[in-house]
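Q: Could you walk me through how the labels used for this protein follow from the values behind them?

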Amino acid sequence: MALPALRLVARTFAHAQKMMLTNLPVHAKAPAASAILGSSGLVDGYFSYPVGTRSPIKLLRLWWSIRRFRPDILIYLAKPRGEQAVLRDERFFRSCGVKTIVGLPLGDRAINLQYSSGLWESEAGRLARSIKDLGEIDLDAPESWDLGLSEAEERKASNVLSETEGRPLIACGPGTKMQAKDWGTENWCALMTVLSGKLDRHVLVLVGAKEDRDVSAKLAVAWGGMAVNLCGDLSPRETAAVLRRTELFLGPDSGPMHFAAGAGVPCVIAFAARTRPGIWFPQGNGHRVLYRQMDCAGCNLETCTEHERKCLTAISVEDMFHAAMEVLERRRSESGAACE
């Protein structure tokens, strides 16, 4: 979601050396920023730190690394963590010798604005607004979401899909690192069964981390037709290259969802109501996000036991099936291509 902002920074400071300060991954399914940006050229290197560290030695090492780099300007693109935490960050960076800071999430820059439609400003939109002093960002422009995939990454995608022989592709990434976002293996299997009955020419492409491979294998069996299980076989950027070749993405709120949306692939998403609607929705038009407003919406829970994920259990297999078929039919009508 920070990609459009990073592209603006790269354009504005085209001849500067750009280093990204990023936390180390704290979950097996949460790739490092370097694995997502890869050889895009948006940054030249990384300073990393463990999430939530209070170790004086580690903080001193980080302070010295940044101070030795002697940055002229800091662009703040982290998610808001409360005013006191942001001000503490500011003091730390000032002590590192940074004189100019752009984008500190204070005041209305710390919140996602609500629209008259009832949706909320996307996180990408909030970031764009926070650094608008650097220039305007067109979130609807495809180039704002360009990952700058390499020839090798595109070639890898072509190779792993070579056996599909040009048949139309549907992608599914059922995995999520949060229990509160999990629509459930049984639901995904049932959806694959009914979809495959209507889409017998399509190949199902399953993507995700290696931890998702066993669940995805069950979806492949439920599909019945040709399926390619790529979970754990690809880097995040190679996964993005694969998703660019698909007609539709199915899944929960996840990284692969954002990869697909950024590539202009329509998404049908079983979206948990743990966050306000719109903030983390897939970017662009043509998506169907199934979001059920509940009295507990906006809970931000990572594990939901008290309400047993009722915002997700309220989304039926039939709901997802009809949404997927409507999106595919619209895509067929717009492109003029056959959709069996």
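A: Gladly, and let us start with serine 254. In this predicted model, serine 254 has a relative accessible area of 9%.

Q: Why is serine 254 called buried?
A: Buried means under 20% relative accessible area. Serine 254 has 9%, so serine 254 counts as buried. Its place is the loop between β8 (248–251) and α10 (255–262).

Q: What makes Gly175 and Phe249 contacts of serine 254?
A: Contact means heavy atoms within 4.5 Å. Leaving aside neighbours within four places in sequence, serine 254 meets that cut-off with Gly175 and Phe249.

Q: Why is glycine 173 called buried?
A: The cut-off is again under 20% relative accessible area. Glycine 173 has 3%, and therefore glycine 173 is buried. Glycine 173 sits in the loop that runs between β5 (169–172) and α7 (185–198).

Q: Which residues are in contact with glycine 173, leaving aside its neighbours within four places in sequence?
A: They are Val207, Phe249, Leu250, Gly251 and Pro252. As for serine 216, it is 43 residues away from glycine 173 in sequence, while their C-alpha atoms are 8.0 Å apart in space.

Q: What makes a set of residues a nonpolar core?
A: Its members are buried Ala, Val, Leu, Ile, Met, Phe, Trp, Tyr and Cys residues, joined through side-chain atoms within 4.5 Å. The largest such core here has 66 residues, and Met192, Phe249 and Leu250 touch the most other members. Helix α12 (residues 317–335) gives the most to this core, with seven residues. A second, separate core holds 13 residues, including Leu8, Val102, Leu134 and Trp145.

Q: Which residues does methionine 192 touch, not counting those up to four places away in sequence?
A: Methionine 192 touches Cys172, Leu204, Leu219, Ala222, Trp223 and Leu250.

Q: How do you know that the radius of gyration agrees with that of a compact globule?
A: For 340 residues, a compact globule would have a radius of gyration near 20 Å; the protein has 21 Å, so the two agree. The C-alpha trace spans about 60 × 50 × 40 Å along its principal axes.

Q: How many of the residues count as buried, and where do the contacts come from?
A: Of the 340 residues, 45% count as buried. Among contacts with a separation of 6 or more, 67% are between residues 24 or more positions apart. The secondary structure comes to twelve helices and ten strands.

Key. Residues numbered from 1 in each chain as written. Predicted model: local features only at pLDDT ≥ 70, side-chain atom pairs only at ≥ 80, totals over all residues. Heavy atoms only, no water. Helix = DSSP H or I, 4+ residues; strand = E, 2+ residues; numbered from the N terminus. Rg over C-alpha atoms; globule rule 2.2 N^0.38 Å. Buried < 20%, exposed > 50% of the residue type's maximum accessible area, 1.4 Å probe, protein only.
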